[in-house]
Amino acid sequence: MSRAVNALPPALGKLFSLLPVYPGSLLFVAGLNLVIAKHLPADVQLALTGKKLRIKVIDAQIAFNFSWRGGRFAACRADAVSDLTIAASAHDFLLLAQRLEDPDTLFFSRRLAMEGDTELGLLVKNTLDALDLPVSDLARFLPARVFALLKRTAPR
């Protein structure tokens, strides 16, 4: 079977698979809390409460496990059973984050998979579609820029 054109090289995916899962989920939820959490309507927050979600990056062989608790996203251990798993390649998640690709198109072309609570999946999709987030400039999340911002804003 040939590798998808935009998939990560298998050796890189193998390297990522060796990383511990929980710290990655902690970093992932930090990003979610920074970018998305404050924009979630109260009814969506209520619907997400106690639900365990998993984002699975297939070609990177990594997954991020999290839930909504106490008004914010929180990392979950990898052994927690998820209510909803959304899976795609790193490239397709990047396209979604930049809003260069529609989730329905990826889903129907079998590049995006959803397992578990379908109603929860539709809630997540519709909520993200409705949010007006400035996510197209992902370069602002490069480590050098984040560290520069932290340095400028840190107390002296």
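The side chain of Ser-25 comes to 2.9 Å from the backbone nitrogen of Asn-65, a polar contact in the sense of an N or O pair within 3.5 Å, with one atom able to donate a hydrogen and the other to accept it, and with residues adjacent in sequence counted only if both atoms are side-chain atoms. This is a predicted model, where local features need pLDDT of at least 70 and side-chain atom pairs count only at pLDDT 80 or more, while totals for chains, interfaces and linings use all residues. Residues are numbered from 1 along each chain as its sequence is written, and side-chain values use heavy atoms, without hydrogens or water.

Ser-25 sits in helix H2, residues 21–35; helices are DSSP runs of H or I with at least four residues, strands are E runs of at least two, numbered from the N terminus. Its relative accessible area is 0%, so Ser-25 is buried, meaning under 20% with a 1.4 Å probe, protein chains only. Leaving out residues up to four places away in sequence, Ser-25 touches Ala-63, Phe-64, Asn-65, Ala-75 and Cys-76, with contact meaning heavy atoms within 4.5 Å.

Now the sheet. Five strands make an open, mixed sheet, ordered E3-E2-E1-E4-E5; two strands pair if DSSP finds at least two bridges between them. E3 (72–75) and E5 (112–116) are the edges, and each has a single partner strand, so one side of each lacks a neighbour in the sheet. Strand E4, residues 84–88, runs antiparallel to E5, joined by five bridges. One of the residues involved is Thr-85, whose bridge partner in E5 is Glu-115.

Methods. Buried < 20%, exposed > 50% of the residue type's maximum accessible area, 1.4 Å probe, protein only.
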